[in-house]
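Let's work through some exercises together, one step at a time. Have a look at the sequence and the model first, then try each task before you read its solution.

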Amino acid sequence: MADIGAKTEAAPADAAMPLFYSRPEALNPVRHGSLGLTARGDFAFARTAHAIPVVASEMPAAMRSYPIVFIGPAKSPVIITGVRQGENLFVDADGQWTAPHYVPAYVRRYPFILAEDPTTAGRLTLCVDRTSERVIDRLMAPFREDKIAPFFSGNEPTEATKQALAFCNQFQIDFRATREMIDRIDAHGLFAPRQSKVTLEGGEVLNLTDFQVIDEPAFNKLSDEAFLDLRKSGALGLLYCHLASTNSWTSLVHQASLRKAG
């Protein structure tokens, strides 16, 4: 059996790191003035992620390729990208995400993330994962052929850094909005534990466990008042995307068959 799990958002310094991140550091021109980001779109860091966090605003795109389920006590929404732990079926051996499947914002955000600034309680600051292979010291690699976008020009952030901050800010806004929707759905008792049995070509059967789904019969029995409450909270779109994404288990099995054949 494979359990479905993924760490979600930025954690305190003494807690487990979010998925993908090992050593996030607050960007600073003194400390990181010579650093930059390679332009290549390499998703090798996500190769072992079989479940990846997703926010409500991207679910209409994500549901076409991936099942959307909910994990952990917080019922965090994730897309399922693999049928075995440690295997992402959508990242190939060259680190490329398989077209035309949607690349989730959580993946596109890496190696940047917003995290709490330990010197200012409650304040979020832009950080970069120093262990990322895309983060390059330009002084140590002056003759690299691939283009490197610097983080700073003197003491000022470059346009690339400003864009990264804007992207992370929007992700944080979407993450909080999604969290509020999940809380409203949970308040109406609509989550139910579920297991899924996946049969691959060749007859191999895999059991996926430790996730939750929307209890569709319970959803259909909601009172008009409860349904209106969910509509006003914006949660209905999330609900319908999740329910529609159940069709994508077939896509996942197909992707697993392609990987096995390759």
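**Exercise 1.** Find the side chain that His101 joins in a polar contact, and describe the surroundings of His101.

*Solution.* Step 1: the side chains of His101 and Ser65 are joined by a polar contact of 2.8 Å. A polar contact is a pair of N or O atoms within 3.5 Å; within protein, one must be able to donate a hydrogen and the other to accept it, and residues adjacent in sequence count only if both atoms are side-chain atoms.

This is a predicted model, in which local features need pLDDT of at least 70 and side-chain atom pairs count only at pLDDT 80 or more, while totals for chains, interfaces and linings use all residues. Residues are numbered from 1 along each chain as its sequence is written, and side-chain values use heavy atoms, with hydrogens and water left out.

Step 1: Helices (H or I, at least four residues) and strands (E, at least two) are DSSP runs, numbered from the N terminus.

Step 2: list the contacts (heavy atoms within 4.5 Å). Leaving aside neighbours within four places in sequence, His101 touches Ser65, Tyr66, Phe90, Ser251 and Gln255.

Step 3: is His101 buried or exposed? His101 counts as buried because its relative accessibility is 16%; buried means under 20% relative accessible area, exposed over 50%, partly exposed in between (1.4 Å probe, protein chains only).

**Exercise 2.** Work out which salt bridges Glu25 forms with Arg31 and Arg130.

*Solution.* Step 1: recall that side chains of opposite charge can pair when their charged atoms come close. A salt bridge is a side-chain nitrogen of Lys or Arg within 4 Å of a carboxyl oxygen of Asp or Glu.

Step 1: Glu25 and Arg31 form one, with their closest N and O atoms 3.2 Å apart. Glu25 is buried at 9% relative accessible area, whereas Arg31 is exposed at 57%.

Step 2: Glu25 also meets Arg130 in a salt bridge (3.8 Å, N to O). This pair links distant parts of the chain, 105 residues apart: Glu25 is in strand β2 (residues 24-26), and Arg130 is in the loop between β8 (124-129) and β9 (135-137). Arg130 is partly exposed, at 25% relative accessibility.

Step 3: through shared partners, salt bridges join Arg23, Glu25, Arg31 and Arg130 into one network.

**Exercise 3.** Give the strand order of the open sheet that contains β2.

*Solution.* Step 1: the three strands run in the order β2-β8-β7, with antiparallel pairing. Two strands pair if DSSP finds at least two bridges between them.

Step 1: β2 and β7 (112-116) stand at the edges because each has a single partner strand.
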